[in-house]
Amino acid sequence: MKSYYLENNFQKIEITSKGAELQSIYNKETQLEYLWNGDANFWGKKSPVLFPIVGGLKNNEYLLNGNNYILGRHGFARDTNFEVEQKSSSEITCLLKSNESTLINFPFQFIFTIEYIIIENKLSCKYIVINCSKENMYFSLGAHPAFNVPLTQNTNYNDWFLEFNSNENCGIYPLTIDGLLKEKSQPFFKNSNKINLSKELFYNDALVFKELQSTEICIKSNSAPNGLKMQFDGFPFYGIWSAKDANFVCLEPWCGIADNENTTNNFKTKEGIIELEHQQIFERTWSIETY
């Protein structure tokens, strides 16, 4: 596993070849590390890429064209080495191509590219998927970055909150013990754009949203001038999560979602699945600004 760095006068970013995973978002002006440290006592990852599924499948399997296939939670990209196709001080392009190993349980020829670019204090992450199969390809993808909370030393977890750029009225979709989504939502927002963070908020697993109106979310505190803003236009689902009693919060824009508890396992009709025709290109970008 190799590490690669992007750096300018404002920030320094580390990415590894394994999973093309972010390892560090360090702001030179604030002298703060924004990304979770990956303490395996809580959660050993930092910013895994979710592809070709988001969340879990019922019994870790899906049905496609009469055949059963096995895929673990969030797919295989996060545990696979990416090739570095292009690298400069401010940009890196990481590439994952289908191969004999991926074809066993994901029977599609594809090229999956992740581009990280830094401009001043902003980091953008662009996903590009090309269907190289002759038949239509079915997949999902998403992000799972974990950010330090508390962000500054003289604050506590409960001093921080999430702020959205629109008032929300949607509910959350609870998860079963097996990580499947329940049919009905539970009330959550009531014309509000704020979630106060607490460790207890995540004791029943992630907060899963299907109907967010917002395209931006910030981590803020009234006790510190620092924070971050994530932009995620074009991602229809969203997850917010932390491991039990850990000092981080994951902000997760998704194009795709875990199986419903009453799923038929039919991959083509799976909720949130993306259908891509031969040689068609799918692109989505999310970004982080630190301050």
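Modeller: Residues are numbered from 1 along each chain as its sequence is written. It's a predicted model, so local features need pLDDT of at least 70 and side-chain atom pairs 80 or more, while totals for chains, interfaces and linings use all residues.

Biologist: Which residue of strand 7 stands opposite E61?

Modeller: Strands here are DSSP E runs of at least two residues, numbered from the N terminus. Strand 6 covers residues 61-64, and it pairs with strand 7, residues 67-70, in the antiparallel sense over four bridges; pairing takes at least two DSSP bridges. The residue opposite E61 is I70.

Biologist: And which residue in the turn has a positive phi?

Modeller: Strands 6 and 7 form a hairpin with two residues between them. The phi in question is about 50°, and it belongs to N65.

Biologist: How much space lies in the largest pocket?

Modeller: A pocket is an open set of points on a 1 Å grid over the protein atoms alone, where a 1.4 Å probe fits, with protein on both sides within 12 Å along at least five of seven lines; lining residues have an atom within 4 Å of a point. This one has 16 of them, with R73, H74, H144, D205 and A206 nearest its centre. Grid points are joined across faces, edges and corners, and the volume is the space filled by probe spheres set on the points. For the largest pocket that gives about 290 Å³.

Biologist: What about the second largest pocket, how much space lies there?

Modeller: Its lining includes I172, P174, K182 and D205. The volume is about 180 Å³.

Note on methods. Side-chain values use heavy atoms; hydrogens and water are left out. Buried means under 20% relative accessible area, exposed over 50%, partly exposed in between (1.4 Å probe, protein chains only).
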